[in-house]
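Grab the model, open your viewer, and work through these exercises on helix packing and cavities. Try each task before you read its solution.

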Amino acid sequence: MSQGLEQQAREQWKTRTGFMLASMGSAIGLGNIWKFPYITGENGGAAFIIVYLICIALIGIPIMLAEFAVGRNTQKDAVGSFRELTPGKPWFITGIFGVAAAFLILSFYGVVAGWALSYTTKAMSGDLLAIPADQMGDAFGGFIGNALSPILWQTLFMAIVIIVVVRGIKEGIEKWNKILMPTLAVLLVILVIRAVTLPGAGEGVSFLLSPDFSALNANAILVALGHAFFSLSLGMGTMITYGSYVPKNVNLPTAATGVSLADTGFALLAGLAIFPAVFAFGMDPGAGPGLIFVTLPAVFEMMPFGQFFSVLFFLLISMAALTSAISILEVPVAYFMRKFEWTRKKATWIIGTIIFLFGIPSSLSLGAWGGFTIFGLGFFDAVDYLASNILLPLGGLLTALFVGWALGKQKSLEIGGLSEASVWGKLWILSLRFVAPVLILLVMASVLGFLTF
Ligand code: TRP
């Protein structure tokens with residue numbers, strides 16, 4: 001360990017609001033705007049949403065608080081914080097999983113974000129809405145299967161992510177989130193107002209608000225649980241890393257609750273921007289992953305001032321993806337800076353470039369390299385599967401067990417800022433010890449095929 005680096009003051013957020021906005025920026029991303037609407041569409045709407053809300057409350061908020069608490073207490077990266085709290089024990093492997101998951105997730109996140117950037121410019125030029133509605137699917141398939149163009153957009157996106165992270169916590173991450181997050185909220189509200197005032201929007205609103213529990217099955221519950229995790233950026237050390245820059249006087253339970261509520265509110269608003277419009281024009285709400293790249297452009301074609309709203313929409317997705325990607329890159333950057341004593345600049349450029357290069361086969365696997373498979377999955381899907389279905393739940397499970405059991409109740413309550421006498425303190429420990437581990441194990445058993453319904 002270098003004395004020099006140890007003595008150098010560690011970076012911190014400038015303000016509490018800056019920290020909250022950055023954490024919301026991490027949580028609110030493609031998961032809210034792209035994935036939440038389509039899985040809600042596939043799983044029956046309102047009843048699915050209720051289950052999702054329960055998952056956020058029962059395991060999402062408690063694990064987010066656990067991550068913030070570990071980071072703030074140790075002021076270290078995802079690996080270093082476990083080492084510091086339990087020296088000589090293997091718990092640091094949780095952090096290694098996180099760093100590995102960050103490499104994998106960001107590699108394909110950059111690919112999808114590149115699509116969103118490209119669709120923003122296609123929407124601006126008018127090319128997107130010039131495509132006949134029934135050819136939108138082919139146009140999307142043709143674009144993502146192209147060998148060069150998506151990679152150029154992915155390059156641009158990753159370059160922006162790197163440039164922000166190089167500037168550091170206050171001047172890079174905090175500053176950009178302070179600009180982008182309020183803008184994001186304004187764009188989304190405009191889109192919601194447009195959607196709910198369309199003639200025929202009512203059907204889409206009631207799809208989101210009136211629950212039909214018969215549409216709910218065990219699988220839908222597991223999907224909701226897995227998504228609560230992904231959407232809140234848990235299980236990867238992101239919130240440990242962001243928590244490590246938090247000053248001592250910030251109340252962490254309030255912060256974890258606030259960030260989770262904002263993330264959930266954003267997902268619901270994204271649904272309210274999309275479904276009323278989808279129903280108003282008689283499209284299919286259960287279109288799956290193509291919902292925003294295929295169904296929505298066709299919806300914008302039929303909508304008055306559709307081009308204007310299509311630009312806003314794809315801009316919204318690109319910005320939301322950017323603030324999340326920044327938080328994913330910060331996980332390995334913080335680790336490599338401490339471990340190898342690299343400067344921030346060196347760590348960010350080297351790791352950002354490696355992750356970018358690793359994303360190229362993901363992009364190619366959707367076209368030219370489609371024949372190359374791993375366990376029957378294309379490269380893109382294999383990377384997603386390994387990270388989202390194995391590493392993230394495992395990271396979350398280990399974090400819950402670590403704070404729930406390994407640290408000891410007193411220490412955990414102390415670093416989390418809760419008292420043993422309070423109901424919240426009791427519920428938090430109860431969730432970390434039993435509720436979260438059991439539910440996460442069920443999800444893992446089901447996605448890995450050990451449990452079928
Ligand atoms: N939460 C982000 C989204 O909804 C993605 C994300 C950022 C993430 N950091 C993460 C997911 C860490 C899992 C773990 O798009």
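Before we start, a cut-off: angles over 145 degrees count as roughly antiparallel, those under 35 as roughly parallel, 65 to 115 as roughly perpendicular, and the rest as oblique. Keep in mind that this is a predicted model.

**Exercise 1.** Work out how α3 and α11 are oriented to each other, and find the residues that meet.

*Solution.* 
- Start with the geometry: α3 and α11 pack at an angle of about 175°, and their axes are 11 Å apart.
- Now apply the cut-off: angles over 145 degrees count as roughly antiparallel, so α3 and α11 are roughly antiparallel to each other.
- Next, pick out the contact. On the α3 side you'll find Gly-31, Asn-32, Lys-35, Phe-36 and Ile-39, and they meet Val-223, His-227, Phe-230 and Ser-231 of α11.
- Sort that contact by class and you get 4 nonpolar, 4 polar and 1 charged residues.

**Exercise 2.** Find the largest cavity and describe its lining.

*Solution.* 
- Begin with a count: the structure holds 3 cavities of 30 Å³ or more.
- The largest cavity has a volume of about 160 Å³.
- Its lining has 18 residues, and those nearest the centre are Ser-26, Ile-105, Phe-230, Ser-233 and Ile-328.
- Now trace the helices: α2, α3, α6, α11 and α15 each supply at least two lining residues.

**Exercise 3.** Which residues line the second largest cavity?

*Solution.* 
- This second largest cavity has a volume of about 70 Å³.
- Its lining is made of Leu-191, Arg-194, Ala-195, Ala-273, Ile-274, Ala-277, Leu-296, Phe-300, Met-303 and Phe-313.
- α9 (169–196), α13 (252–280) and α14 (295–302) each give at least two of the lining residues.
- Sorting by class gives 9 nonpolar, no polar and 1 charged.

How values were computed. Residues numbered from 1 in each chain as written. Predicted model: local features only at pLDDT ≥ 70, side-chain atom pairs only at ≥ 80, totals over all residues. Heavy atoms only, no water. 1 Å grid on protein atoms, 1.4 Å probe; cavity = no way out; pocket = protein on both sides within 12 Å on 5 of 7 lines; lining within 4 Å. Points joined across faces, edges and corners; volume = space filled by probe spheres on them. Helix = DSSP H or I, 4+ residues; strand = E, 2+ residues; numbered from the N terminus. Nonpolar A, V, L, I, M, F, W, Y, C, P; charged D, E, K, R; others polar. Axes fitted to C-alpha atoms, helices over the stretch in contact; angles between N-to-C directions. Contact = heavy atoms within 4.5 Å.
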